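This report describes helix packing, a chain interface and backbone geometry in one structure.

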Amino acid sequence: MEIVRPEDIERIHEASLTILEEMGIEVMNDAALALLENAGAEVDHSSGMVRLDRGLVEQALTSVPPQVTLTPRNPDHAIDLGGTHLNFSLVAGPPNVHDRVQGRRSGNYTDYCNLVRLAQSLNIIHLIGNQPTAPQELPAATRHLDTYWANLTLSDRVFHATAIGEQRTLDAIHMCALARGVETEALVDSPALLTVINVNSPRRLDDALCAGLMTMARWGQPCVITPFTLMGAMTPVTLPAALAQQNAEALFGVVLTQLVNPGVPVVYGAFTSNVDMRTGAPAFGTPENTKANLIAGQLARRYGLPYRTSNANASNVADAQAAYETEMALWGAVLGGAHLVYHAAGWLEGGLTASFEKVILDAEILQSMAEILQPIEFGEADLGLDAIRDVEPGGHFFGTEHTMERFETAFYRPLLSDWQNYENWEAAGSEDAYQRATGIWQQLLEGYAEPPMDAAVREALNDYVTRRRGEIERVGLDFE
Amino acid sequence: MTDAQEDDIDLRSLSDDELIEQMHDDLYDGLQEEIVEGTQILLERGWGPSKVLDEALVAGMNIVGVDFRDGILFVPEVLMAANAMKGGMEILRPLLAETGAPPLGKAVIGTVKGDIHDIGKNLVTMMWEGAGFEVIDIGINKPVEEFIEALETHQPDILGMSALLTTTMPYMKVVIDELVERGLRDDYIVLVGGAPLNEEFGEAIGADAYCRDAAVAVETAKEFMQKKRNAAG
Ligand code: B1M
């Protein structure tokens, strides 16, 4: 869906180039500054400010691939970013978790593993984003090893490298190679994982994430360059300004990936919403957020880049607000032509909490969305003239041959919705969707089976984790 | 009222009571120049700096605080009000020091190393300034050395730290431990905040208090300053 005219997309594009040429982006990483300077960017070393002329941007845009395939250890779960593909990720980043049984608590490794198990059990969740919750009881410097281990052993889906610095990123790449049973070099031409690089809007790229970006690009893995901008705080309050700034920041990241490794896949990320101007708190699933999701898709297509956006809400519980804000954001993403929707399942409290019930609620929404997107192609049989002829006025279709052949799969079968009448629903315990969701995630966890892994691969992974944990405990990490 | 009409008000023609009331309005409207002028006029009329502070500025900002809490005022309006307050405070601060009146308080605040989140920290700075505190904001991604240096240079009452990442929260303890190591811990009121923190965490790392939002940060800072004054007095 295109809600902005092509000529207005060009005006946003031009404004972005002006931002890059005249105002610049501050880069907090020396290696990136050197690379940009060598490529001809104007670099002020005292402030870290980098100004890019449009030639550099256009040059970079000639080498970006329009689509990338990511292959995890189970090739059946490979995902394509680009074209007509749409992928949904598990919620990422929350420091807390919540479920109806245990309430709200700090993120921990047990919950982390259960969230990964849930993602593995739901076909509609195609990948695991950044940590679905932070296992806070584990030491921060080695936590990434434990979370990669869980991602790789409890699931066989694509996951997200924690790109805070070079070392955490490299650990993810090496472990993915081990899990696929190939040398790390083999991943360069057959990428396995992705990461998100947030630009610190306005106009700043931080040191650790720069290092992560450059490592991913060097090893042929895609970065999702995402200016996560909250209008009012991190951009001006007007949508065109926010989009121009966001677009400039995304293009800057794209240029950097192409300078590190021309032709490396990269994803255009956009996550623009607004703050509550009365408190400064972030709001999501707002009309502004929905419009931004739509227009950023137009921009991504303008550049021929795969497009990532998000599915978020600001509710504190998995209630009606959580559901309708989620639907708003998601429609923006889907109609905007997103290839990758981050935080698609489980996000609450503006990203501060991962909710087990919300994972189930979202799975229902996502499955329905996927159903809507099935192409409508029909033959004579689907047109069903014979079935209509067979039934006299006032009759019914339950018993027709046409129905008999199709009834089991004709309609989307909900995971969560309850379609009983009131009395039966009451007799069954009067549970609303929120309450029913608890039973569903519990059942999924009970029925969960670990995806098989070759014993030698498991051992190699385990050895890697043990060795790296020892090293980090002895000498530390590049960004602690 | 339009700007033109407002410009017309001659503050000097107002009685003390009228002027105080006008200053409350001007704070509410974030008019820094007017607040500076009003402050000067009251001083010229022989008011003591403490009286100006309490009756004109603090009382005015209390109204702003309540309307912010109740969702009537927007962040940009509070920012303007805080700037106006800051203007008045710059005049009063040296005078207050001369009279030996206990200072409202001075704070150093920053986001810890590895972390660049600063929207919340900036709001806290704004609200503290609005409450009359002198605030030195040292910025984002700050290592312990820079916190210590800022404390030594500015000799504040309060050290504020912000962190939004679970990977950087523990760094607040690094700063506090360093203060303990140097025997400086008790010289400062240490307040911490950021969305992933909670009270237990604040306690565990040895902070004086965790502040869940900017308004609480103001209340908490005031409480601790009161305690400090009581202890000193
Ligand atoms: C006395 O001292 C005091 C007292 C009170 C204090 C205080 C200090 N500090 C705060 N308070 C208190 O008062 C304030 C006012 O009422 C309040 O401040 P808050 O900061 O809580 O509230 C603000 C008014 C509004 N809130 C915010 O500004 C934070 C909002 C969220 C969405 C957020 C934002 C905006 C950003 N982010 Co970031 N970000 C998230 C946040 C999720 C969330 N909902 O909190 C969080 C914190 N981020 C996260 C992540 C993962 C990241 N972020 C990153 C980057 C960014 C942006 C640059 C895009 C942007 C920050 C821009 C900026 N200039 O600050 C990256 C890290 C960068 C770095 N090195 O720090 C990156 C790693 C993402 C990436 N892969 O690039 C997650 C945390 C991960 C974890 N478990 O640790 C996260 C929960 C979102 C998520 N679900 O992914 C109180 O907490």
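This is a predicted model: local features need pLDDT of at least 70, side-chain atom pairs count only at pLDDT 80 or more; totals for chains, interfaces and linings use all residues.

## Interface between chains A and B

The size of an interface is often given as the accessible area lost when the parts come together. Between chain A and chain B the buried area is about 1,500 Å², and carbon and sulfur atoms give 64% of that area. The contact involves 18 residues of chain A and 17 residues of chain B.

On the chain A side, Asn200(A), Met277(A) and Arg278(A) lose the most area to chain B, together 32% of what that side buries. The number of salt bridges between chain A and chain B is 0.

## Helices α4 and α5 of chain B

Two packed helices are described by the angle between their axes and the distance between the axes. In chain B, helix α4 (residues 49-69) and helix α5 (residues 75-99) have axes that come within 10 Å and cross at roughly 160°. Angles over 145 degrees count as roughly antiparallel, and α4(B) and α5(B) are therefore roughly antiparallel to each other. Their crossing is left-handed.

From α4(B), the residues making the contact include Pro49(B), Leu53(B), Leu57(B), Met61(B) and Phe68(B). Those from α5(B) include Val75(B), Ala82(B), Met85(B), Gly88(B), Leu92(B) and Thr99(B). Sorted by class, the contact of α4(B) with α5(B) has 17 nonpolar residues, 3 polar residues and no charged residues.

## Helices α2 and α9 of chain A

The axes of helix α2 (residues 30-38) and helix α9 (residues 239-260) of chain A come within 10 Å and cross at roughly 80°. That angle makes α2(A) roughly perpendicular to α9(A).

Ala32(A), Leu35(A) and Leu36(A) of α2(A) meet Phe252(A), Leu256(A), Leu259(A) and Val260(A) of α9(A). The residues of this contact are 7 nonpolar, no polar and no charged.

## Helices α5 and α18 of chain A

Helix α5 (residues 143-154) and helix α18 (residues 455-475) of chain A pack at an angle of about 170°, and their axes are 10 Å apart. This makes α5(A) roughly antiparallel to α18(A).

The contact is made by His144(A), Leu145(A), Asp146(A), Trp149(A), Leu152(A) and Thr153(A) of α5(A), together with Arg458(A), Leu461(A), Asn462(A), Val465(A), Arg468(A), Arg469(A) and Ile472(A) of α18(A). By class, the contact of α5(A) with α18(A) has 6 nonpolar, 3 polar and 4 charged residues.

## Backbone features of chain A

Most residues other than glycine have a negative phi, and most peptide bonds are trans. The peptide bond that joins Ser201(A) and Pro202(A) is cis, with omega about 0°. Pro202(A) lies in the loop between β11 (195-199) and β12 (204-205) of chain A.

His343(A), a residue other than glycine, has a positive phi, near 55°. His343(A) is placed in strand β18 (residues 340-345) of chain A.

Methods:
Residues are numbered from 1 along each chain as its sequence is written. Chains are lettered from A and ligands numbered from 1 in the order in which they are written. Side-chain values use heavy atoms; hydrogens and water are left out. Axes are lines fitted to C-alpha atoms, for helices over the stretch in contact, and angles run from 0 to 180 degrees between N-to-C directions. Helices (H or I, at least four residues) and strands (E, at least two) are DSSP runs, numbered from the N terminus. Angles under 35 degrees count as roughly parallel, over 145 as roughly antiparallel, 65 to 115 as roughly perpendicular and the rest as oblique. A crossing is left-handed if the near helix is turned anticlockwise from the far one by less than a right angle, and right-handed if clockwise. Contact means heavy atoms within 4.5 Å. Ala, Val, Leu, Ile, Met, Phe, Trp, Tyr, Cys and Pro count as nonpolar, Asp, Glu, Lys and Arg as charged, and the others, Gly among them, as polar. Buried area is the accessible area (1.4 Å probe) that two parts lose on being put together, summed over both. A salt bridge is a side-chain nitrogen of Lys or Arg within 4 Å of a carboxyl oxygen of Asp or Glu.
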